[in-house]
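Trainee: I'm new to this one. Could you walk me through the ligands and tell me what the terms rest on?

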Amino acid sequence: MTIRVLSIASEAVPLIKTGGLADVAGALPGAVAQHDVAMTTFLPGYRAVMANLGKARAVHTWPSLLGQPARLIKGLIGANPLLVLDAPGLFQRDGGPYGDATGRDWADNGLRFAAFARAAADLASGAVRGLTFDIAHAHDWQAGLTGAFLRFAPAGKAPPSIMTIHNMAFQGHFPRTLFPELGLPEEAWAINGVEYHGGIGFLKAGLEAAWAITTVSPTYATEIRDPEFGMGLDGLIRTRQGQVHGIVNGIDTHDWNPASDPNLASPFTARTLGRRAANRAALEAEFGLEPGAGPLFVVISRLTWQKGMDVLLDVIDHLAASGARLAMLGSGDKALEAGFVGAASRHPGRVGVRIGYDEGLSHRLQGGGDAILVPSRFEPCGLTQLYGLAYGCVPVVARTGGLADTVIDANLAAVAAGAATGIQFGAVTPEALAEAIDRTVALHSQTTVWQAIQRAGMKSDFSWGRSGKAYADLYKSLLEAR
Ligand code: ADP
Ligand code: GLC
């Protein structure tokens, strides 16, 4: 029997993306399809989404969805079914999904994503004619209230719900004054309901209500039991430990295939690594870097504390002095942006920086860079190191979360066994990162060893195969337990 899953996400490629959640929500339907799961994606109707819907039609109207007129639009995302919440008062505006063009959060984010979750709960509990689902699968705080609505105020028969944590650092906290607007019964205002430190916690509410909790790597699933990573919700995770599963993300091997990537000047495979040289030369030209024997490091990242970008900034002079070069693409904290721009002007020809967001350039960096730096303080899964593996751009990563789970450190034994796929380091400190950079420079100078690391990475399994099955097995087990 085919299992029908409603995947509730605030972003999904190719329609809307600010980070890894979009890659995962976009790839998941294809990943589970081979396991007899029919997944429908449910997205908010942001301006960008509405503009790119293609053939689509309205299938339902809410005269008042938490006070807002709204319609349900049915369309396709890739080859898979898509539902979109068209609530112009909430989502049709210029700017990003969560904030305005200056990066400030929308003041009504609480209401926006409460309405999104209310609509998801209506859909999942069969309130919209012609649409039936066996499982509600909610991603991150933006979808978090879905479980609470299903638990305390279903519109029909509530199916099992799953809450996936892509990042515990973003929890969706809103003031108590939002509560009366949600239409939830008084009993939902409880410590095991939606209440969190006197306000409403969207992620917390979802974690309390969910039949099962998943996060995006086994190591992060363990880490979030600790206060350092649990960010206030570690106690809840410990209490529900038996229902917490770590399922590592895969990558979309169609969009991210170095042999057929239209963004690359010179496509290549593990057997034609020599062709990467042309991609590197193109990058050097694009970033104004002088050619050199040392490795070309790349960074593709949000410029934030989570990503350890302040630590990288601390060692950038060391990197430039080591014979290596750096090409960076990123945006985020204004102080970090300014810091990296400053570093580029201090090290012309050795450090090049693009502030911004550029999908095509992110592919070119993976296809031409020698090594990708990911010095994250915490990383639930991380995708850029996976793209690096697939593209022979050797990941140099902090040993945390999904980075620990997906990269095999080039220690002597792993190199000898031909198993090494990257470089790992421990504490995210300038000293440890500088040492990792030095190790990388040394390994890179041994061409045979370096190419073996590149090839082992390219051959490692970063596809969705195993994880798609893990999600499908989880859906099945919840239906059997019901
Ligand atoms: P997170 O979701 O925490 O930012 P991930 O590694 O899971 O981290 O995913 C980040 C995604 O966003 C990857 O697909 C990466 O290539 C992409 N990305 C990050 N910054 C940029 C940028 N400035 N331009 C283009 N793509 C970017
Ligand atoms: C979050 C995490 C990242 C993860 C992504 C997709 O943005 O920060 O580590 O890869 O979600 O699950």
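Predicted model: local features only at pLDDT ≥ 70, side-chain atom pairs only at ≥ 80, totals over all residues.

Trainee: What makes His166 a polar contact of ligand 2?

Mentor: A polar side-chain atom of His166 lies 2.6 Å from an oxygen atom of ligand 2, and the limit is 3.5 Å, so the pair counts. Asn249 does it with a polar side-chain atom too, at 2.8 Å from an oxygen atom of the ligand. Pro380 uses a backbone N or O atom, 3.4 Å from a ligand oxygen.

Trainee: How much of ligand 2 does the protein cover?

Mentor: It covers 92% of the 310 Å² of accessible area that ligand 2 has on its own, going by the Shrake-Rupley method with a 1.4 Å probe.

Trainee: Which residues come nearest to ligand 2?

Mentor: Of the 14 around it, His166, Asn249, Glu379, Cys381 and Gly382; a residue is near if one of its heavy atoms lies within 4 Å.

Trainee: And which polar contacts does ligand 1 have, for example with Gly20, Lys307 and Gly356?

Mentor: A backbone N or O atom of Gly20 lies 2.6 Å from a ligand 1 oxygen. A side-chain N or O atom of Lys307 is 2.8 Å from an oxygen of ligand 1, and a polar backbone atom of Gly356 is 2.8 Å from a nitrogen of ligand 1. On its own ligand 1 exposes 560 Å², and the protein buries 92% of that.

Trainee: Why is ligand 1 said to lie between domain 1 and domain 2?

Mentor: Domain 1 (3-250 + 465-481) and domain 2 (270-458) both give residues to its shell, so ligand 1 lies between them. The domain bounds come from an automatic or database domain assignment.

Key: Residues numbered from 1 in each chain as written. Chains lettered and ligands numbered in written order. Heavy atoms only, no water. Polar contact = N/O pair within 3.5 Å; in protein donor to acceptor, adjacent residues only side chain to side chain.
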